[in-house]
Amino acid sequence: MSRFKLLDAVAGFGVTFSTMFKKPMTEQYPDVKIPTAPRYHGRHQLNRYADGLEKCIGCELCAWACPADAIYVEGADNTEGERFSPGERYGRVYQINYLRCIGCGLCIEACPTRALTMTNYYEMADDNRSDLIYGKDKLLAPLPSGAQAPPHAMAAGSTDEDYYRGNIIGPGGLLERQAKEALQ
Ligand code: SF4
Ligand code: SF4
């Protein structure tokens, strides 16, 4: 072996020996789950207002913004007898295909009502394709405590603008301005 090759080998073992005495970085998942960064892009969530109505208005902006074509939305009209969201429309069908999603977050930036956000949940592995297409049953946020599941009417005396401006503050749909008036 030439002198230079011998030096190369010694240098290579030098890296090995210095690494042997470093603290191991192995994560013991799934026995130990390390919290994600606070703004980690995990599973999406379709949010609700405080009275249980859905924030999604079925506009499809999230689907158009998605570079991976992972979102499918079908909007439908609310009626006074069957209302799922404030305003004219709601998301009747909402699906995210997690075989396609790259977690970029462009969809949540595009959403005009903050209906769509991302959680820190990441354990979405499965053994078949169809279970990785999440529908409203998996994506909708839980009902706030005391709120009624849609369909139901908007809060008495409220407009859709009250919802978009964040004036609906309780499970019964109490308007912020009414609460302020009651305190005066
Ligand atoms: S995070 Fe990105 S890839 Fe995933 S659904 Fe949203 S826009 Fe599409
Ligand atoms: S999640 Fe937001 S952007 Fe997507 S359809 Fe619903 S309201 Fe529109």
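Okay, let's start with ligand 2: it has 14 residues around it, and the closest are Cys-56, Cys-59, Cys-62, Cys-111 and Leu-116. Keep in mind that this is a predicted model. If you sort that shell around ligand 2 by residue class, you get 10 nonpolar, three polar and one charged.

Now, over to the annotation. Which residues does UniProt list for "binding site"? The unreviewed entry gives Cys-66, Cys-101, Cys-104 and Cys-107. Those four are spread over 42 residues of sequence, yet they cluster in space, with 10.4 Å as the largest C-alpha distance.

I'd like to go through two of them. Take Cys-101: you'll find it in the loop that runs between strand 3 (89-97) and helix 3 (106-110). So is Cys-101 buried or exposed? It's buried, because 20 other C-beta atoms lie within 10 Å, and 20 or more is what the cut-off asks for. Once you set aside neighbours within four places in sequence, the contacts of Cys-101 are Ala-68, Ala-70 and Ile-96.

Then there's Cys-107, which sits in helix 3 itself. Cys-107 counts as buried too, because it has 23 C-beta neighbours inside 10 Å. And what is Cys-107 in contact with, leaving aside its neighbours within four places in sequence? That would be Cys-62, Ala-65, Cys-66, Ile-71 and Leu-116.

Have a look at a few names on that list. Cys-66 is one of the residues in the UniProt "binding site" record.

Conventions: Residues numbered from 1 in each chain as written. Chains lettered and ligands numbered in written order. Predicted model: local features only at pLDDT ≥ 70, side-chain atom pairs only at ≥ 80, totals over all residues. UniProt positions renumbered as here; feature names shortened; annotations may be inferred. Helix = DSSP H or I, 4+ residues; strand = E, 2+ residues; numbered from the N terminus. Buried ≥ 20, exposed ≤ 12 C-beta atoms within 10 Å, placed from the backbone. Contact = placed C-beta atoms within 7 Å. Near = placed C-beta within 6 Å. Nonpolar A, V, L, I, M, F, W, Y, C, P; charged D, E, K, R; others polar.
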